[in-house]
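Here is a short briefing to read alongside your viewer.

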Amino acid sequence: MEVKIGVQHAPREIVLESGQSAEEVERAVADALGGKSQLLSLVDEHGRKVLVPADRLAYVEIGEQAVRKVGFGAL
């Protein structure tokens, strides 16, 4: 699943492919914004952990993983 995180005062957003479900990502965001955690912590599909301070979150976009097409074909 693709997750895009906007961070305040940062020129670029963080984009990661996560193996977590949309519900797990949404729960982690809600916990961070609700004050239960000071960090938004997500794990990408390679097992790397991404940590973002909760007070710096601008937005979080949760989407489905895009299927990449390979090869050439008629449109």
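Does Ser18 count as buried or exposed? At 4% relative accessibility, Ser18 counts as buried, where buried means under 20% relative accessible area, exposed over 50% and partly exposed in between, with a 1.4 Å probe and protein chains only. Please keep in mind that this is a predicted model, in which local features need pLDDT of at least 70, side-chain atom pairs count only at pLDDT 80 or more, and totals for chains, interfaces and linings use all residues. Residues are numbered from 1 along each chain as its sequence is written, and side-chain values use heavy atoms, with hydrogens and water left out.

**Overall layout**

- The protein chain has 1 helix and 5 strands, arranged along the sequence as β-β-α-β-β-β; helices (H or I, at least four residues) and strands (E, at least two) are DSSP runs, numbered from the N terminus.
- Of the 75 residues in the protein chain, 24% are buried.
- The accessible surface of the protein chain is about 5700 Å², with 51% belonging to carbon and sulfur atoms; these areas come from the Shrake-Rupley method with a 1.4 Å probe, and for residues only the protein chains shown count as cover.
- Among contacts (heavy atoms within 4.5 Å) between residues at least 6 apart in sequence, 48% join residues at least 24 apart.

- An open sheet of 3 strands has the order S2-S1-S5 with antiparallel pairing; two strands pair if DSSP finds at least two bridges between them.
- S2 and strand S5 (57–63) are at the edges with a single partner strand each, so one side of each has no neighbour in the sheet.
- S1 and S2 run antiparallel and are joined by 4 bridges.
- Lys4 lies in strand S1 (residues 2–7), stands opposite Val15 in S2 and is partly exposed, with a relative accessible area of 22%.
- Lys4 and Ile62 are 58 residues apart in sequence, and their C-alpha atoms are 6.7 Å apart in space.
- H1 lies across S1 and S5, at about 170° to S5; axes are lines fitted to C-alpha atoms, for helices over the stretch in contact, and angles run from 0 to 180 degrees between N-to-C directions.

**The S3–S4 hairpin**

- S3 and strand S4 (residues 49–53) pair in the antiparallel sense over 5 bridges, and Leu42 stands opposite Val50 in S4.
- The hairpin of S3 and S4 has 5 residues between the strands, and Gly47 there takes a positive phi near 85°.
- Strand S3 (residues 39–43) covers Leu40 and Leu42 on one face, while Leu39, Ser41 and Val43 are on the uncovered face.

**The nonpolar core**

- The largest nonpolar core has 14 residues, of which Val3, Ile5, Leu40, Leu42 and Val52 touch the most other members; such a core is a set of buried Ala, Val, Leu, Ile, Met, Phe, Trp, Tyr and Cys residues joined through side-chain atoms within 4.5 Å.
- S1, helix H1 (22–33), S3 and S4 each give two or more residues to this core, and H1 gives the most, with 4 residues.
- Leaving aside neighbours within four places in sequence, Val52 is in contact with residues including Ile5, Ile14, Leu40 and Leu57.

**Around Ser18**

- Ser18 lies in the loop between strand S2 (14–17) and H1.
- A polar atom of the Ser18 side chain lies 2.9 Å from the backbone oxygen of Val43.
- Leaving aside neighbours within four places in sequence, Ser18 is in contact with Met1, Val3, Val43, Asp44 and Glu45.

Conventions:
A polar contact is a pair of N or O atoms within 3.5 Å; within protein, one must be able to donate a hydrogen and the other to accept it, and residues adjacent in sequence count only if both atoms are side-chain atoms.
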